[in-house]
Each structure stands twice: as structure tokens, then as C-alpha cells.
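This briefing goes through one protein model, starting with a single residue and ending with the ligand. Keep the structure open while reading.

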Amino acid sequence: PADPDLEGAFAQVAAWIGRYYRETRSYPVLSQTKPGDLVRALPSEAPVEGQAFERIFEDFQRLVIPGITHWNHPRFFAYFAISAAPIAVLAEALAAALDVNAMLWRTSPAATELEDVTLGWLRAMLGLPSTLHGIIYDTASIGGFTALAAARESLDLDIRARGMAGRGDLPALRVYITEHTHSHVEKGAIALGLGRENVVRVPVDDAFAMRPEALARAIDDDVAAGRRPMCAVATVGTTSTTSTDPVAAIRAVTRERSVWLHVDAAYGGPAAILPEFRWLLDGAHDADSIVVNPHKWMFVPVDLSVLFVRDPEQLRRTFSLVADFLETPETGVHNYMDYGLQLGRRFRALKFWFVLRAFGVRGMQERLRAHIALAQELASWIEAAPDWQVVAPHPLSVVCFRYVPGGIEDAKADALNTAIMDAVNATGEVYLSSTRLYGRVVLRIAIGNERTTRDDVALAWELLQREAFARLPLTAR
Ligand code: PLP
């Protein structure tokens, strides 16, 4: 039976969310449950009779919440830290209630048009030209895949009609990345039938950024060998260290050689709304495609990623296949089902519109600046501490570092740093993650939650020092 007290249930959930925002720090950041805990706690079959909201909600709190790793916690410092601004949560609730499917313009004109408006705002905030057209996808991985598919289609190899299998006339199609490019590009190349061996890793410089002259050489060698360069990917804010490939120089190389340039600015792109970081997107203005993730560092809850393209028609030519039952009479409108794999689309623009209005450009800038300042301060603490090393440039809100007490061997330092991180994470107070640079384990602190304070960052640093000290031999203390 339907719950008779619907409004009471809504009020309880709203109150719970309000408390959650007030008390987030009382939860362990990293879930402390063991594999299988929730599966064992729940029945293996759906209930035959419907159950009351009260019971469901109680189980949510008692059984589900312990299995949550709190990404929305101010002391979540792993991967890229994110946050759901409360105003966006309200928008998500409204979008869920409306249950819009924004596949066609007519299936909710406001969803499509709000998408166009908010992405126009974002484009201007980033200093990108109005010749770029933005479309919302769920993630950068899907936006990146969509761009790669359009790049392949742009080669005029008749792949849409004839496919790739069994065609002796097709050259190897090549994609250029670096060892720091996010893995979704390689996954996309696999899914598009290019094969991993056609994903070329261009060498990087000491700052982990792609070397444009090495890219030029790789492309020219491929052409000389009869292979077909398809797409180069430049990253603004790589996942491990937040390094940025020199987009303008890469653009010059790709333009001269008619190669599609995709800019993955999933994490770093938002920083370009700060005048002092505008340079991050230098050269991106005439890229073929650019991805920026508002769900990473613009306080919009997962998921919402934006793909800007120079030629939206190219995207439409790649993906559009209008079934009889989806034909509509409107002209001059965007039917966004035509611009990617998926038909159904959530009304994601609403939460972004709420956030942009509630923060304003200035509010967004202030939050990003505060995060960058916190990261710089943390880096200065680490640099000043004996036996700790900051191991990569840290222009944005991520710091990579390592504990290397007196002359310890690399492999031992790897194990030591992993042990320190695991111990710190086990406290539940903070959560940080690691990566590898030059094959060595490196710890990362990523700042990105709206409510993170200096005290939160200081606590992380204190716990790291405490766990490092605890692992020093007694004689060395
Ligand atoms: N690009 C970069 C640089 C990333 O760091 C990430 C994820 O962290 C992605 C792309 C993938 O993002 P998404 O989860 O939106 O697919």
C-alpha cells in the first residue's frame, strides 16, 4: 500500500539531510564495513508485500549508512575530493520528483533549454568562445568516449555504414596520450575497436606534461608508416598530480596535421574561472572537444559532466539514428538523444543552474581560491617537515608527497607510505589515497569539498605525522 503520510515522509528525509550536513564530521569518512556485510544483512528476495516507509528508512540508517564512504565529508581527501552543495541537493530532489526524461526537446523543453543556458554561462565563465557548444553527459569518461567516436567519424572512413571489422582498406587509427592521461581514453579506444596498441604514450617532461615536439614526431612517424592519426588528448589537471599539458602548443601540432584535439579538463577546467588560472585553457578555445566536470570541482553532486564541441553537427552525424516513434515536428531545437549513445537523459542542468545562481561567479571563484590556498599551505607544512618530501608541482588543490626517513630504500619507503596511509584511513577521521610516480608510491591529499577548513587539513597532516612517527624504529625517534 502507498504510504499514507507522504508529506511526513518527505519531512523526515529533509530533516535527516539537514542533520547530515550539520553532523557530517561525526561519520567515519571511509566506510568501516567488511565485504559482504550489507548483503548478509538483507534478505535475498524482494518483499512480497509492500513495507512502510518507516521500516525502510530505519534500515537505510541502520544498514546502508555504515556502508557509505562519505564523499561529501569535509575530510574526504582521496582521488579528487568533491561536494554536493545543499542547494544542488534541493534541485536534485525537484528533478527526481519531476522525473523528466530530456531525450527530446519536446519531452521537456525547459530541460534542454536550461542545459543550453547554464552551459553558455559556464563557457563564458571559463573564457571559452561562443563557437563551442556544450552538452551534458553523466561523466567525463562518456563525454570523452563520445568525442573519440566523433573524431573517428570525422576521418570519413565510412565507419558508420561499414564498420571496421574485416576491412583491409582501413589504416590503424591512432590516439595520442601520455602516461598521465586518465584511463577512460584508453577504454574508449578499446570500445571503438582501435585496439590498445594504437594508443600511443607520448613522453612527458619533468613536470609530467606532454612534450609537444614528441607528439609531433609520433604523429609524423605514424603517417610515414601508413597509420592514421585520429585524436590527441591534452589533459588540464591530470589525475595523479594535476599537471597540465601545454594545450596551445599541442593545438598547433594537431592543427598543422589535421588531428582532432580533445582537451580533458575534467578536474582542472573549473580553475580557469579564476583570472589567475585562465592560462590553463590557453589554446583550448579552438580544440575540437573539451570536457569539464562540474561534479568534480564545482560543487554539483555526481553526476554532471560537460562536453564542449566545436562542431556539434559532427557529433550528431556520428550518433543520430531517429526511430519512427521518436520523430518530432520541431525544427531548430536540440534533441540531445541525437548526440550520444543514450536515449534517456536525466534533468541534470537543474542542479547546475541552482548552484551557479546561489554562488554567483564570485562565490565559485572564492571557493576555488580557498581550496588552492589550503593546498599551498599544506605543501608548505610538508616541505618544512624533516623526512617528508613534496614530490610534484602543486599548482591547484592537490598535493603529492612521500615520507622518506633517512636513507631508506625505495621499496621500503613504498611499503612504509602505504602503511601510514592505511593507518590514517583506518581512523575514519580522514580519507586519502595514493598514486605512483616514477614507479614509487606517493600519497595525495586532494582538497575539493565546500566545507573543508584549515583545521580539517591540519588534522590530516597531524595524523600522517603521528602514524609516520609510530613506524620509526625506537632508536630513530
Ligand atoms: N579525466 C580526469 C583527468 C580524471 O581525473 C577523471 C576522474 O578522476 C576522469 C577524467 C573521469 O571522470 P568521470 O568519473 O567523470 O568519468
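A252 is partly exposed, because 15 other C-beta atoms lie within 10 Å, a count in between the 20 or more of a buried residue and the 12 or fewer of an exposed one. The model that holds this residue is predicted. The points below are grouped by topic.

- A252 sits in helix α10, which runs over residues 247–256.
- From A252 to G283 the distance is 8.5 Å, C-alpha to C-alpha, although 31 residues separate the two in sequence.

**The protein as a whole**

- The protein contains 15 helices and 11 strands.
- The C-alpha trace spans about 70 × 65 × 45 Å along the principal axes of the protein.
- Of the 477 residues in the protein, 41% are buried.

- Helix α13 covers residues 349–384, which is 36 residues.
- A straight helix would reach 52 Å at 1.5 Å a residue, but the end C-alpha atoms of α13 are only 44 Å apart.
- α13 also has a kink of about 85°, and this kink is centred on G360.

**Backbone angles in loops**

- Which peptide bond is cis, with omega near 10°? The bond from V302 to D303 is.
- D303 belongs to the loop between α11 (294–297) and β7 (305–309).
- Y79 is a residue other than glycine with a positive phi, near 45°.
- The loop that holds Y79 lies between α3 (53–64) and α4 (86–98).
- Y79 counts as partly exposed because it has 18 C-beta neighbours inside 10 Å.
- Phi of S258 is positive too, near 50°, and S258 is likewise a residue other than glycine.
- S258 is placed in the loop between α10 and β5 (260–265).
- Is S258 buried or exposed? S258 is exposed, because 10 other C-beta atoms lie within 10 Å, and a count of 12 or fewer is classed as exposed.

**G237, a buried loop residue**

- G237 is in the loop between β4 (228–235) and α10.
- G237 counts as buried because it has 28 C-beta neighbours inside 10 Å, and the class begins at 20 or more.
- Which residues is G237 in contact with, leaving aside its neighbours within four places in sequence? They are T242, T244, A265, Y267, G268 and L396.
- H180 and G237 are 57 residues apart in sequence, yet their C-alpha atoms are 9.7 Å apart in space.

**The ligand shell**

- How many residues surround the ligand? There are 15, and the closest are T139, A140, S141, H182 and T239.
- By class, the shell has 10 polar residues, 4 nonpolar residues and 1 charged residue.

Terms used:
Residues are numbered from 1 along each chain as its sequence is written. This is a predicted model: local features need pLDDT of at least 70, side-chain atom pairs count only at pLDDT 80 or more; totals for chains, interfaces and linings use all residues. A residue is near a molecule or strand if its C-beta atom, placed from the backbone, lies within 6 Å of it. Ala, Val, Leu, Ile, Met, Phe, Trp, Tyr, Cys and Pro count as nonpolar, Asp, Glu, Lys and Arg as charged, and the others, Gly among them, as polar. Helices (H or I, at least four residues) and strands (E, at least two) are DSSP runs, numbered from the N terminus. The expected span of a helix is 1.5 Å times one less than its number of residues. The bend at a residue is the angle between axes fitted to the seven residues ending there and the seven starting there. Two residues are in contact if their C-beta atoms, placed from the backbone, lie within 7 Å.
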